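Dear colleague,

I am passing on a structure that you have not worked with before, together with some notes on one part of it. Please have it open while you read what follows.

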Amino acid sequence: IFLNLHYKMAAAPEWLTHDYIERALSSYYKDSNLCVLKLEVNPALGPGENYGGVLTRARVQFKLSQKPEETLKQNLIVKTAIEDDELTKELMEPYDIFNREMTLYEEVLPKLTELLKETDAFEPLFPTAVFVDRERSAIIFEDLSVANYVMADRVKRLDKEHVHLILRKLAKMHATSAVFNEHNSGQLESYDRGFFNRYTNAYSGYFVGGLLAAARWMSQEPECAPYAQKLFELAPHYMDIGRECFAPVSDSVNVLAHGDVWTNNVMVKYDAATGRPEDILLIDFQYSFWGSPTIDLHHFFNTSLREPLRREEQGDLFNFYHSIFTNTLRQLQYKAHPIPSLHEFQMQAEQKRFFAMHSAVVVQPVMISEDATDACFNALMNDDERGIRFKNRLYTNPIVQQNLKALMPMFDRKGLLEVN
């Protein structure tokens, strides 16, 4: 979520050695005599970029014992926790993000991939984890950039072609997770630590602080001033409303939601000749949780879509997603709950629309910010003078102002600014 916040360049972990990579690749290739010939290690991200972790790029040359005459090359990305930031560690501890992501890559996502192979619409949804190391909170992936996967532009946001690709993959992830959960005695229902959860209010500095900054800006704008007072009154109840929104839907299809779907949590492959997107992979499952699939859609639509796509075509996008989601459930013979009709799915989306408002008002201003002043994790999460200054500055962005002027009347009509 914090890709555009500024961190110092993180050095590669000291333990990321020749012997370590040799053990990891030996495990992956099931070859105890695999031999690493050469290892080159560099930071994968420049200053000002962060994934809620440290990314290191490793280029490896190695030989397999079965083919000693052939030198193989592999490019890897090593994702590790941020170890040197005490505030980050303290705030993130209740979310358990690294254990959760490691378990998902090791035990859950490969099984969703196997389930999808039982349909007539198989395609890769996620990158492959080469090695998971719980002792060091590390995951090693194949480097997607070698296959020409890149990130789209978070500031420009996404057009319909990108959005359809992402929704197709997301619908298949959601549907296979519902079937997996049905087949495995509710195993995924323990994933109950999304951004809003009953264990912690760690994000209140960011979420409530952002809401108050939005309200302060609105109070200075005549056309938005009526909404400012409602946001001020909403603030003391905000985290409770969020927790209620994240609760699974009773008697309906719940899924393993990605939890943080936005432009920078997908990798895009473009056609070399046309420049059009031809494939995407979903990445970064640190905030995955068990709940309504519509929460992922609200977050994605209200952080990452270009205008006027967001304002005018969400109905069509919900329909597009629903068709693939329900078709995949049927192909996999899901039976735990009735598969929702389009109308029922739309009603569920309305029930969870708080998260659309939250994503538009509080989250998107951070995601499309280009102002590096005070932009760090501490300023985002705290409500001290620096944190308030940083959040206030987010609402000086003309794009944010234009979006909120267009969206606030709709959120108000739907009753999202009222304290129930």
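In this predicted model, three strands form an open sheet in the order β6-β8-β9, and their pairing is antiparallel. Strands β6 and β9 are the edges of this sheet, since each of them pairs on one side only. Helix α4, which covers residues 160-183, packs on the sheet and touches β8 and β9, and its direction makes about 40 degrees with that of β9.

Going through the sheet strand by strand, β6 (residues 149-150) pairs with β8 (residues 266-270) over two bridges in the antiparallel sense, and here Tyr 149 stands opposite Lys 269 of β8. On β9, the residue opposite Lys 269 is Asp 279, so that you can follow Lys 269 from Tyr 149 across to Asp 279.

The pairing of β8 with β9 (residues 277-282) is also antiparallel and runs over five bridges, and within it Met 267 has Leu 281 of β9 as its bridge partner. These two strands form a hairpin with six residues between them, where Gly 275 takes a positive phi near 75 degrees.

As for annotation, an unreviewed UniProt entry lists residues 139-331 under "domain: CHK kinase-like". In the model, that span is 48% helix and 12% strand, and its end C-alpha atoms lie 32 Å apart.

Methods: Residues are numbered from 1 along each chain as its sequence is written. This is a predicted model: local features need pLDDT of at least 70, side-chain atom pairs count only at pLDDT 80 or more; totals for chains, interfaces and linings use all residues. Side-chain values use heavy atoms; hydrogens and water are left out. Two strands pair if DSSP finds at least two bridges between them. Helices (H or I, at least four residues) and strands (E, at least two) are DSSP runs, numbered from the N terminus. UniProt positions are given in the numbering used here, feature names are shortened, and annotations may be inferred rather than shown by experiment. Contact means heavy atoms within 4.5 Å. Axes are lines fitted to C-alpha atoms, for helices over the stretch in contact, and angles run from 0 to 180 degrees between N-to-C directions.
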